[in-house]
Amino acid sequence: MKTENQPRSGEEPLFLSGEQKRVLWDDAAADTWEVAYPVGNGRLGAMPHAGFPRETILINEETVWERNEPMLVPEDRYEHLETIRELEAAGDHHGADKHFEKHFLNGALACSYQYVGWLNLEYRNPAKRQSTRRELDLSTGIARNVYALEDGSNIVQETFVSAPDDVVVVTLESDRDLDLRVFLEGAETEDGELVLTGSATGTRGTRFVCRVRVAPSEAVRAEEGGLSIRNIRKAVITLSVATNMDRQDPRATLPEGWQDKAKRDHDKLAGKTAIALQTDAVRDHRGYFDRMELALGETAAEIRALTTKERLQRIKEGAHDDPDLMATYFQYGRYLLIASSRPGTFPANLQGIWNPHETPPWNSDYHLDINVEMNYWLAETTNLTELHEPFFHLLRTFLPTGREMARRFGMKGWAMGIATDIWGHALNISRKACWGGCFFGGHWMVTHILEHYRFTRDTAFLEANWDILTAAAEFMDSWLIPGPEEGLWMARPAVSPENTFVYEDETGAKKKGAFSAGNSYDQFMMLQIFHDCLEAAQAIGKTDDPFVRKIEELLPKIYRPRIGDDGRLMEWRLPFEEAEPGHRHISHVIGAYPGNRINLDDDPALRAAVEKSLEGRLSAGGAGTGWSRAWIIGMYARLSDREQAYGNLHAILARSTLDNLWDTHPPFQIDGNFGSTAAIAEMLLHSHNDGLRFLPALPAQWPEGAVRGLRARGGFEVDLEWKAGRLTRATIRSDQGLPCRIHTEVTLEVRRAGEGIATRRHDDNSLTFPTEKGGFYQVLAVGLNQGR
């Protein structure tokens, strides 16, 4: 939630006096799009490369997707689900896999997110380039290229995407007169503008129109395929895009006339100066970005003077003396969400909104078995709650196709598979059972409904999404089959996402399998959804609803995942051998993080089992992808294990980060950026067990620091300052006026308006004090325990 800076007393917070500079920079052009700097407004994306004398800028619009005929699960799949259940129960897991692949999978993949085009700026007859500096200012959203030429002149190019004006803007300024040609590949000239008309691939791909204008218009001359301007020192290039997708119903198209938006967006700029364009765009961007500040310690001036890629290279070589780069990395995750996800847009996909390919890796789609969810783990904790809205909008657009998928399975409610696209195609995607046999992808999305509520306490939001929550629970209720023990229920055969096991068949031969019943991922997902239903019902007065009562009676009968003989949390109900002990997914621990069905603070046995599971994965080479490592960081942050959390944060920078700080799978995939930012927030503040815990996983490498603007469940905003590894001061703002509980192991004093209102003594476990809506509270302490 956006708030004004909180009032403070005494000296300024450590390292936060004055404006923080969060700038990525390089001294060379980007030689590939994966290391260029991204800018965006949630809908439009751009990536300048700093090429000279020809600059290329990638242009994306979030609704430009391939589309083919509707893809749905075949009718009458229930009998095949029953066959799979029977095969699995008989121990023929391989047979269950093959039956699923034959009757559910046809090799279909999600449709691909695609691109609009490339904007080219061709500098004609300039002096030779002497040097380049390209940078991205995270606090303003402006990508800046400075070309120093051998004749002593400089050209400055700035690129940004305005949310208020909904256009891409490129401004140019030169010390000397220059000639410039602007062209957009495939465009034609029309009335002094460039106009590109196109469509994404497929039988029904998104249609789009892109328009480019150059000012001053009186200096512009149309030439074949482009616009030229001569003898100018300043120019402003604006680009707009319109598409025929209906944002309220993506499967529908807008009537003819949709093309006019591209022209209207330009016409609205009449009389608006470049300074005004930039001022409005920056003000809007900073309205989100400035809600948080983070300082993790001092970095030497000679290190800060290095390019971003040089600083990253030092970390790759083992350096641990650049906490400022880690703080920048944290803010970069927030920046990327601001640039790729705004209210009224669609959520960030596997690549955010930036993609130069017609067929991108994994189709740049919406993967539902962690990736799109991880994109939004940071939305609440890092004070960007409004940016969660596109995620919920997409979830609602999935409801019709998800209901149809459930019906064709012979089930009630709503479901989605492992992956989908902006059209909400609901089917089992892939060619293999271990990929396509996930039935709870949509349910993972649904868990965000209650998380958003826990932070905002917005009961109207719960009311508005009650139908989605109950539809998810209805599917699970109908999906249950008798469990291994009398009176217990478990999920039908399914996969632990993307993973496989080894078992012995009836002849003693070892085989690989994916399908099993009651695996831990499915069981924890059911427990989470059912508990979320009850929590929502309590909040909005629906506890007497017959379905709610049914869930209440059913919950104690749900099979709970067990601890294996080796002390690890079992991934499957049976003690199978792992086919890939270092597999990238750790879906079986979802109940601990991001879920809340394993209480790591109060259940030492399950805590130890989760820790052993993580140790086993990592010792076998796990966390080999960026997003997988980000999940590991978050897990250890939730465990309050400061050494492991920091070690894995260092590892994601050293092993899975590109020169522009983008996460790499490889190749580039944006979820690891978002997951890592969420994990750093989790290292600094917990709020999941009905209370706040300050600095739960603060590593020794960050002995001094400060953070402003973290969000906590219960409607609190928290600032923290620490020295010598110990808390010195916290400030809490209460949005809802609810009681505030702090878990601590030292004496704390809470003050409001200079008066002490509550003190925790050494023989207590926590401190609870009342708050007033909008009230500010200072918490003073000698120090806090740092993790376990």
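Is Glu88 buried or exposed, and what is its relative accessibility? Glu88 has a relative accessibility of 7% and therefore counts as buried (under 20% relative accessible area, with exposed over 50% and partly exposed in between, for a 1.4 Å probe and protein chains only). The model is predicted, so local features need pLDDT of at least 70 and side-chain atom pairs count only at pLDDT 80 or more, while totals for chains, interfaces and linings use all residues. Residues are numbered from 1 along each chain as its sequence is written, and side-chain values use heavy atoms, without hydrogens and water.

Glu88 belongs to helix α1 (residues 78–89); helices (H or I, at least four residues) and strands (E, at least two) are DSSP runs numbered from the N terminus. Beyond its neighbours within four places in sequence, Glu88 is in contact with His93, Ala96, Pro493, Phe515, Ser516, Ala517 and Arg573 (contact means heavy atoms within 4.5 Å).

The largest nonpolar core holds 231 residues, and Leu119, Leu121, Ile237, Trp631, Met635, Phe694 and Ile732 have the most contacts inside it. Such a core is a set of buried Ala, Val, Leu, Ile, Met, Phe, Trp, Tyr and Cys residues joined through side-chain atoms within 4.5 Å. Helix α15 (residues 520–540) gives the most to this core, twelve residues. Another core, of nine residues, lies apart from it and includes Phe160, Val167, Leu269 and Val282.

Helix α15 also packs with helix α13 (residues 441–456), at an angle of about 35° and with the axes 10 Å apart. Axes are lines fitted to C-alpha atoms, for helices over the stretch in contact, and angles run from 0 to 180 degrees between N-to-C directions. Among the residues making this contact are Trp444 and Leu450 of α13 and Met525 and Ile529 of α15.

The axes of helix α18 (residues 626–638) and helix α19 (residues 642–655) come within 8 Å and cross at roughly 165°. The two helices are therefore roughly antiparallel (angles over 145 degrees; under 35 counts as roughly parallel, 65 to 115 as roughly perpendicular and the rest as oblique). Residues of α18 including Ile632, Ile633 and Tyr636 meet residues of α19 including Leu649 and Ile652.

Ser640 is found in the loop between α18 and α19. Its phi is near 60°, a positive value in a residue other than glycine, and Ser640 is buried, with a relative accessible area of 4%. Trp362, also not a glycine, has a positive phi of about 50°, but counts as partly exposed at 31% relative accessibility.
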